[in-house]
Amino acid sequence: MKNTINQLLKHIFTMTLKRILFIIMIIATFTACQKESNLKIKGTITGGKGEKVYLYKLRINGQKAIDSTKIGGDGAFEFGCDVSTPTFYLVKVTPSNFITLVGDSLQTIEIEGSYKNFSTDYNIKGSEASEDIRTLNLHLMKTKQQIAKLQKEYNNVLNGSKNIQELNRIENEFQEVMKKQTMFSTDFVKAHPFSMASVIALYQKFDYNEYVIKDLQTMKTAASALAAIYPDSKHVQALHDNTLRLISKERNYKMNNLLKQYAVNSPDIELPDTKGNVRKLSSFRGKHVLVQFWASTDNGSRIQNAILRQNYQLFHKKGLEIYQVSVDTNKSSWMNAIKEDKLNWTNVGDMQGSNQAVINYNVQMIPYNYLLDPEGNILAKNLIGPEMNKVLSKVLK
């Protein structure tokens with residue numbers, strides 16, 4: 001009898017425990033399903049009924065797909081995310097047609113745009129930083145369109161009249177367009193040091209090689225301000241670390257004191273040419289040498305190549321040599337550009353960015369050049385457009 005009672009009590013206890021666990025599981029599941037996102041991204045996209053819209057998280061080294069949904073009959077869509085720090089997102093309708101925004105907790109970001117031209121034809125509210133990103137990206141897009149137009153003009157002149165005055169005009173206009181974009185982006189960061197949109201501004205590029213903002217002080221100001229407000233943001237941490245590396249490099253430049261404001265003996269460069277033969281810059285002692293840093297993928301470099309060719313034809317017999325240093329990483333691209341632009345002087349590069357030469361000559365942008373006298377002293381630097389011809393005419397009489 002006693003055993004029977006014990007078994008019955010054990011059975012009741014087991015059943016009760018199972019029921020408790022079952023109830024706990026139901027409550028946990030219900031709570032998880034009912035948990036609301038603290039960031040909402042919603043809006044309407046006209047002309048895309050039934051099509052999909054995708055949400056990606058923008059990481060330091062790439063992007064990660066987060067969610068997707070169909071655009072409703074009225075163009076409506078909505079995403080929900082849980083975030084604790086400002087996070088960059090891409091809202092895409094196709095891989096190449098997307099917008100960038102930054103979302104934080106307790107925000108509702110509303111987007112209105114067209115499916116066909118989503119990346120340019122959209123408005124946004126609910127996130128001031130996202131509105132700023134829109135302004136930055138659209139401004140840079142217009143600048144790139146101007147650059148492409150100038151590149152086309154350059155090619156037409158190069159393949160036609162080859163008029164050096166016209167090429168100089170195009171190069172000057174090209175430099176002015178880039179200068180205005182750099183000023184616009186730099187002024188934005190200075191005016192918005194605490195905005196996450198400044199992270200986007202600081203990483204914008206004209207092309208694969210060249211950043212729009214090159215001013216280290218601007219980077220330092222934004223990196224310090226953002227690190228104080230958003231210390232847990234991976235993007236802010238990366239910006240801060242990158243800025244510290246650049247500061248360290250700047251200090252090294254000053255410590256090494258390889259280049260000063262006025263004429264000094266120039267550091268030597270030893271790099272392979274197109275055939276793999278190592279060519280020393282010092283081997284050209286006794287002649288005036290224009291040391292030109294460039295990249296085959298950089299529009300400004302390609303435009304200046306025509307100016308270099310014209311001046312080389314004028315002054316080579318008077319003792320001018322050109323020692324052109326490539327910062328490329330793709331040999332085929334480098335070789336093709338040399339052939340297309342008809343560069344018949346010494347061209348060198350290690351196809352790893354020629355970093356030591358870049359550091360030694362404190363090259364902060366491309367194209368960039370130094371004019372050396374026969375002893376290797378620096379006579380001038382950053383000669384562009386008509387200024388190059390003017391200086392060479394004076395030096396090589």
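## Basis of the model

The model is predicted, so that local features are given only where pLDDT is at least 70 and side-chain atom pairs only at pLDDT 80 or more, whereas totals for chains, interfaces and linings use all residues. Residues are numbered from 1 along each chain as its sequence is written, and side-chain values use heavy atoms, with hydrogens and water left out.

## Overall make-up

The secondary structure of the protein chain comes to 10 helices and 15 strands, where helices (H or I, at least four residues) and strands (E, at least two) are DSSP runs numbered from the N terminus. Of its 397 residues, 43% count as buried; here buried means under 20% relative accessible area, exposed means over 50%, and partly exposed covers the range in between, with a 1.4 Å probe and protein chains only.

The chain exposes about 21,800 Å², of which carbon and sulfur atoms supply 52%; accessible areas come from the Shrake-Rupley method with a 1.4 Å probe, and for residues only the protein chains shown count as cover. Among contacts (heavy atoms within 4.5 Å) with a separation of 6 or more, 63% are between residues 24 or more positions apart.

## Helix H8 and its surroundings

Helix H8 spans residues 331-340, and its buried residues are Trp334, Ala337 and Ile338. Seen down the axis of H8, these buried residues fall within an arc of 100 degrees, so they line one face of the helix; the arc is that of the directions from the helix axis to the C-beta atoms. The cover over the buried residues of H8 includes strands S9 (270-272), S11 (288-294), S12 (320-326) and S13 (346-348), together with helix H7 (299-315). On the face turned away from the buried side, H8 carries the exposed residues Lys339 and Glu340.

At the start of H8, a side-chain oxygen of Asn330 comes to within 3.0 Å of the backbone nitrogen of Ser332. After H8 comes Lys342, whose phi is positive, near 55 degrees.

## Salt bridges

Side chains of opposite charge can pair when their charged atoms come close. The structure holds nine salt bridges, each defined as a side-chain nitrogen of Lys or Arg within 4 Å of a carboxyl oxygen of Asp or Glu. One of them joins Glu340 to Arg302, with the closest N and O atoms 2.9 Å apart. Glu340 lies in helix H8 and Arg302 in helix H7, so this pair ties together parts that are 38 residues apart in sequence. Glu340 counts as exposed at 55% relative accessibility, whereas Arg302 is buried, with a relative accessible area of 15%.

The side chains of Glu270 and Lys280 also meet in a salt bridge, at 3.9 Å from N to O. This pair links distant parts of the chain, with Glu270 in strand S9 and Lys280 in strand S10 (residues 278-280), 10 residues apart. Glu270 is partly exposed at 48% relative accessibility, and Lys280 is partly exposed with a relative accessible area of 38%. A further salt bridge, at 3.3 Å from N to O, is formed by the side chains of Glu210 and Lys214; Glu210 counts as buried at 5% relative accessibility, while Lys214 is partly exposed at 31%.

Leaving aside neighbours within four places in sequence, Asp132 is in contact with Phe188, His192, Ser195 and Ala197. Ser127 lies in the loop between strand S8 (122-125) and H2 and is buried, with a relative accessible area of 2%. With the neighbours within four places in sequence again left aside, Ser127 is in contact with Val102, Gln107 and Ile109.

Gly353 lies in the loop between S13 and helix H9 (355-360) and counts as buried at 10% relative accessibility. Not counting residues up to four places away in sequence, Gly353 touches Ser326, Val327, Asp328, Thr329 and Val358. The C-alpha atoms of Gly353 and Val325, which are 28 residues apart along the chain, are separated by 9.4 Å.

Methods:
A polar contact is a pair of N or O atoms within 3.5 Å; within protein, one must be able to donate a hydrogen and the other to accept it, and residues adjacent in sequence count only if both atoms are side-chain atoms.
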